[in-house]
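Keep the structure open while reading.

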Protein chains: 2
Amino acid sequence: MKQINVKIPALPRNSYPIYIGQNFLDTLLTKIQNDHPDRSLFIITDSNLAENNHLKKLTAEKDIPNYIINPPGEKSKHIQTVVKIIEKMEQQFYARDSLIIALGGGTVGDIAGFAAAVYKRGIHVIQIPTTTVAQADSSVGGKTGVDSTISKNAFGAFWNPRAVYIDVATLNTLDQTQYLAGLVESLKHALIADEKYFTFFEKNIDKIINRDIETLLIIAEKNCRIKAKIVAEDPTEKNKRRILNYGHTVGHAAESASRFELLHGQAVAIGIIAAGLIEQKMKLAEPDQLRRIKILLEKMKMPTKMPKNIKSNQIIQLIKRDKKAVNKWPKFVLLEKTGKALCKNQQWAHDVAPETVKDVLAKLY
Amino acid sequence: MKQINVKIPALPRNSYPIYIGQNFLDTLLTKIQNDHPDRSLFIITDSNLAENNHLKKLTAEKDIPNYIINPPGEKSKHIQTVVKIIEKMEQQFYARDSLIIALGGGTVGDIAGFAAAVYKRGIHVIQIPTTTVAQADSSVGGKTGVDSTISKNAFGAFWNPRAVYIDVATLNTLDQTQYLAGLVESLKHALIADEKYFTFFEKNIDKIINRDIETLLIIAEKNCRIKAKIVAEDPTEKNKRRILNYGHTVGHAAESASRFELLHGQAVAIGIIAAGLIEQKMKLAEPDQLRRIKILLEKMKMPTKMPKNIKSNQIIQLIKRDKKAVNKWPKFVLLEKTGKALCKNQQWAHDVAPETVKDVLAKLY
């Protein structure tokens, strides 16, 4: 056999900005149009945003074509929603010089980001996250994905936005459960990467729960700095970026098993407790750590036990399907101590025996 | 507003190998398994390959899960085929450590390449092209894509294979029209990039038509070297890569207008003649060039005139919708002389007045 090598040129280092502020939604579209004069704009949002006035604030009097995801939330985070969006864009002759604006929560960002990644082999996207979970997590880092009928994020791509705009005032329209569930990702950032941030969380938990706007600005910035740093070190999740999945292995399984009765943050709260119990079993944690976490989660009215209608056997089956599984069992992110994910032999995710996980699950009821 | 910058690290220069040989299909799977011991393999192919023994040759006695695209060809090159493939892989618990083997022609490669690009945010793919068009063209360069109900390649991604294996003996099962139509892409490579290759084509046209295996090995290598060089210079088709679209502007329109009665290569043959006539009108070509091309295409039994049932007005309408069109009229790739695409002001695609194209189309009947 003869061999020819095809060179793939290097891609230069790059970056995108995250802007954080309050009450700027009504002037943002003009800025985007000025920044991208040659791009045809298309807005992807959901029926919540259309009803609660954020879409109107963004577009003002301007007539920008859009796709309104309905129903909002996880149910629509499906490949068939992306098919509908792309066919609508094609019918309106959007070409490669298009720019998608994603206005909404995590599911809007994931759907719109994936649509941008695959439309005509990739077009620009700008993220405007409007929920606690999206502002803390899903708008930074370039992960996009939608579900198949079989499992979550079966379809996905790494696709960085051109810019992210975080207006913390948009959080005011969230209902309290959604608002608080989204903060679990912020708590996760503190746990894996920043002990001081965890202490800030403990000290300011009442202000946080009451949506004090200055506190929200601090949290938004902390989250973005932590996540941006981790993502820059390992953009495609070969190793360190995995720590962002702290609490997510059991969390995703619980979310899935509940058929999305549990909000993502609620499920991750349970997953964080599960991870804490594993750490205790493996003698990793500081003695007081899990108790402190539990107090915070309880103040945030998050579940710390598995719902009774979800059987532990179901969770085990779903863990086997985890997309990071190798030989049908995933590695787990664990804490060395509060504010520091465990790194051993240069690895950030670790073997935990199925038996250990089963024991821990039994304690979660 | 506060601004935080998210760094996207540089991606290093990279490469993948293309292996060219004959009759190695029955030992290839062992090689792939040895090269990728930790990967779970999944084969994507189509019913032609399942029937003509190539799939059996590849897998021998080994039991590798697969998805057989049926019907084969353009009709199945649709996002819903990808959905079915991905759901089948999920049901069998394929994780990120999977490797898709694409065995087949251009549509198999496009479908499997896109499935690999989006499955769990991207997994490995190895291409084993088995048609003249796929060996010359679609297995090199990382373009993947599938159609929506509205248009061709609406969904797509740039996703490079880990390796390409070209076994020219697999061409023996193609019917003669398909075989010859696929060679039009090889002729195109000669025209845009290598005058000596064009002369080789003229001298060896009888051997080529009769599938002389030594000649096929030479052609496979020439094609890959030419395409690999162009793609390495401009992987995402910002400029020079466009020359690979020589003959394709009128060609795509003819293919589409014929509702795929014309094979891709047949349509591109007509498109190459159209480009040649435009060059004559613009006084670019060598006097003898178009005649030499015509002789070759006629020996290859390719059409050199537009089918009478396709009206020139239809072609004009379709050209306006070309996905590279700006203000509804695309630029054209043209030859400066045999073996050399025209580059003017550092641009590789050029303005041609609609009137000129209309005049040329009139001569095509």
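## A buried threonine

A residue is called buried when its relative accessible area is under 20%. Thr59(B) counts as buried because its relative accessibility is 11%. The model examined here is predicted.

Thr59(B) sits in helix H3 of chain B, residues 54-59. Setting aside residues up to four places away in sequence, Thr59(B) touches Leu29(B) and Ile43(B).

## The interface of chains A and B

On one side, 69 residues of chain A take part; they contact 66 residues of chain B. The two chains bury about 6400 Å² between them, and 61% of that area is on carbon and sulfur atoms. Three residues lead on the chain A side: Ile4(A), Val6(A) and Arg121(A) supply 14% of the area that chain A buries against chain B, more than any other three residues.

Polar links also cross the interface. There are 24 residue pairs in polar contact, both residues at pLDDT 80 or more. Several elements of chain A each supply at least two residues to the side that touches chain B, among them strand E1 (2-8), strand E2 (14-21), helix H4 (79-91), helix H5 (106-118) and helix H10 (213-233). By class, that side of chain A has 36 nonpolar, 16 polar and 17 charged residues.

E1(A) pairs with strand E2 of chain B, residues 14-21, in the antiparallel sense. Seven bridges make up this pairing. Within the pairing, Ile8(A) stands opposite Asn14(B).

What does E2(A) pair with in chain B? Its partner is strand E1 of chain B, residues 2-8; the two run antiparallel and are joined by seven bridges. Ser15(A) has Lys7(B) as its bridge partner in E1(B). E2(A) also pairs within chain A: four bridges link it in the parallel sense to strand E9, residues 163-167. There, Gly21(A) stands opposite Asp167(A). Six of the eight residues of E2(A) are buried, so the strand is largely enclosed by the rest of the structure.

## Salt bridges between chains

Side chains of opposite charge can pair when their charged atoms come close. Over all chains, the whole structure holds 34 salt bridges. How many cross the interface of chain A and chain B? The count is two.

Glu221(A) and Lys2(B) meet in a salt bridge at 3.1 Å, N to O. A network of salt bridges links Lys2(A), Glu221(B) and Arg225(B).

## Salt bridges within a chain

In chain B, Lys227(B) forms a salt bridge with Asp137(B), with the closest N and O atoms 2.9 Å apart. Lys227(B) lies in helix H10 (residues 213-233) and Asp137(B) in helix H6 (residues 132-138), so this pair ties together parts that are 90 residues apart in sequence. Are these two residues buried or exposed? Lys227(B) is buried, at a relative accessible area of 4%. Asp137(B) is buried as well, at 15%.

Another pair in chain B joins Lys340(B) to Glu336(B), at 3.9 Å, N to O. Lys340(B) is partly exposed, with a relative accessible area of 41%. Glu336(B) is partly exposed too, at 31%. In chain A, the side chains of Lys240(A) and Glu233(A) meet in a salt bridge at 3.6 Å, N to O. Here Lys240(A) counts as buried at 19% relative accessibility, whereas Glu233(A) counts as partly exposed at 46%.

## A residue in helix H10 of chain B

Ile213(B) lies in helix H10 of chain B. Ile213(B) is partly exposed, with a relative accessible area of 23%. Which residues does Ile213(B) contact, leaving aside neighbours within four places in sequence? They are Gln22(B), Val168(B) and Ala169(B).

Gly271(B) is 58 residues from Ile213(B) along the chain. The C-alpha atoms of these two residues are separated by 28 Å.

Notes
Residues numbered from 1 in each chain as written. Chains lettered and ligands numbered in written order. Predicted model: local features only at pLDDT ≥ 70, side-chain atom pairs only at ≥ 80, totals over all residues. Heavy atoms only, no water. Salt bridge = Lys/Arg side-chain N within 4 Å of Asp/Glu carboxyl O. Buried < 20%, exposed > 50% of the residue type's maximum accessible area, 1.4 Å probe, protein only. Contact = heavy atoms within 4.5 Å. Buried area = accessible area lost by both parts, 1.4 Å probe. Polar contact = N/O pair within 3.5 Å; in protein donor to acceptor, adjacent residues only side chain to side chain. Nonpolar A, V, L, I, M, F, W, Y, C, P; charged D, E, K, R; others polar. Pairing = 2+ DSSP bridges.
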